[in-house]
Amino acid sequence: MRPLTPQRILATCLGLCGVLFVVAVISLRMGAYPISVRDIVSTLFNAAAGRRDEVPVEFWQVVFGLRLPRIALGILVGASLSTAGAGFQALLRNPLADPYVLGVSSGAALGAIVSLIVAPHTVGAIQIAAFIGAASTIAAVYFLGRRGGQLDSPTLLLAGIVAASFLSAIIMFLLTMVTGSELRSIAFWLMGDLTAPPPTTNVLGWLGFLFFVFIVAAGAMYTTSSDLNLILTGEQEAKHLGVNVNRVKFVVYIAASVLTGLAVSVSGAIGYVGLLVPHVMRMLFGTDYRMLIPTAAIGGAIAIVLADTLARTVVAPTELPVGAMTALAGAPVFIYLMRRRMR
Amino acid sequence: MWRGASLYSRGFFIGRKLTRAERQLFCVIYFLACCGAMQAAAARPRQAPAYKRGMKFVTDETGRRMAIPFSVQHIVTLAPDLTETVYALGMEDKLVGDTSFCDTPPAAKLKPHVGSPQTPNLEAIVAMHPDLVLATTSINRAETADALLRLGIPVYTSDPHTVRGMLDSVARMADLIGANEQGTALVAQLQARLDVVHARIAELPLVHVLFVVWEDPLITIGQNTFIADALRWAGAESVIVANQNWPQVSMEEIVRLQPEYILFTANHSEADKDHELSRLRKQPAWKALKAIQMGDILKVDDEITKPSPGLIGAIEQIAHALHREAFSSAARENSFEREDGLKIQVFANVRERECDFCGL
């Protein structure tokens, strides 16, 4: 096998960024509103030049009001979930781990439902309450998952699963108190939904904030990537090689949980991406975490943007939940790669 | 150099020099982030002008404020009951789009669709250039209205919980779409029909019914739904009292409460009443109900499920079926006094037609 050089990581990432760019352009072109590539280019050009008046109102609404924010949110959510998945798989040393295994999505869902009972019809209340719910669950599972003052992978996994079932039970109870229209919002949110408008009118600030949090958390995880490689061969071995295992686990746990909470609070629970994309990237580019974390992030972004494009075009004008599309399109790709590797 | 980095055991919170590869990678991630931020920068929402010529400010039934043109030309409806209302007002020429669920009247099926009421395609709505979108809390999601309002498209959301609330809603929407007179006439006519029913059954005891929304699991209606209110207008009352809109109830509870009548909606199944009865009589739980043994079930017109003008027809149907004696020829009067003193003439042929409609 060729040695892993920084140049190779960079080249791979740039290649994937190219794929992401192409997918984003295709996504920008596709949709129920017919709009040609030329019109999109001229709209973008006029917008960049500040000539707002020369753009037809509908083009502006479709390109800047609907498609671009959705693509940006898709990139963010996909990258977050996939990075978190890669992190949890290493932290728990379990290939089946995904961003929701530690109960984060249940905590977020509980927060969302409480917000719908306490303050219905408030834009953004769901997102904020979901983040609070996710953060509380992260903290609770962290303290439950320690053994002898240290983060213990099996204990953490059990704590997460117990927390998830407990929170789901509370959700079931609360759902009997929610009436019709709120129930619909909740149902869509639980399936994963990129269409919900952001909580503020300042879309730029909102997305900027989300990207900032993503970069801090993903960057923190990336600094531990070499250590994660060693921990995956065995915690004792890593300790002997001088890895501060507890610190690495703490950083990965917090970073992955923040990424999950971030994604879940803005888009609901989109399944499969956090589980599938890291494995696909391992099959394509190897298991080294220095390569895996950035490729998983970009791959997750590609997966969500692609799935969302399909979700809003295959049965147009009706839209499918993006979570259904990720599973539908992701599973065959995964099986193909798995079979190919076995040969 | 990677070898050195891999043995470097400290995490993020202890500062260390980044390797060249890491710096390069951060550059890539920053590049991505900047792209996203630039895209988002362009996505700054349009500032709605404080005042536009030819616009009036309206607060809808959920408290959202918006500017709507005085003269609305292109309407998109996001629910079957709203489509029906627009048709009842004679404003179908202004209706440029509805949902794939809209099938009443049949002509509504031919209008361009924007998707289902819960997942309408926002781009398809934009493409129709609507100057007013009508939505309702009874089937649409709040997120849809919020997203359209962000785009600068006014969305009036109705929130009817009672039959009278539905009539008020119809009047308000008629006013918005420039059908004020038609709206007043329609509401007065519907109110008169309600008054006819009310005058005949007001003195009679309420019939205790079970309204079946879904059979397995058994889901019925809560007391705050417009269906519960419509039942009261028809001289009936649900045996289940629940704050939830669509409570799931146990069959045991129904057997204990023994409703006098079981109401199904017509779309519940294609089978006619006799088939339905023989099917239910084979099931132990349903067999235990006296209403099933006596054959006291009623297939209610689908209109009962929509807060639209057709709801009044469904109320008439239920009232006729549950209070046959009040509508029998012996009890017929040709006129009666309304509460406000207005004298309503009830023509015999109207009554015949209504009776045909409900299959009596």
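1. What share of the 360 residues in chain B is buried? In this predicted model, buried residues make up 41% of them, where a residue is buried if 20 or more other C-beta atoms, placed from the backbone, lie within 10 Å of its own.

2. Residues are numbered from 1 along each chain as its sequence is written, and chains are lettered from A. Local features need pLDDT of at least 70, and side-chain atom pairs count only at pLDDT 80 or more, whereas totals for chains, interfaces and linings use all residues.

3. Chain B holds 14 helices and 12 strands, taken as DSSP runs (H or I of at least four residues for helices, E of at least two for strands) and numbered from the N terminus. Of the chain B contacts between residues at least 6 apart in sequence, 57% join residues at least 24 apart, a contact being two C-beta atoms within 7 Å.

4. Leaving aside residues up to four places away in sequence, B:Ile315 touches B:Leu194, B:Val197, B:Ala230, B:Trp233 and B:Ala234.

5. H3(A) packs against helix H13 (residues 289-313) of chain A at an angle of about 140°, with the axes 7 Å apart, the axes being lines fitted to C-alpha atoms over the stretch in contact and the angle running from 0 to 180 degrees between N-to-C directions.

Terms used: A residue is buried if 20 or more other C-beta atoms lie within 10 Å of its own, exposed if 12 or fewer, and partly exposed in between; C-beta atoms are placed from the backbone.
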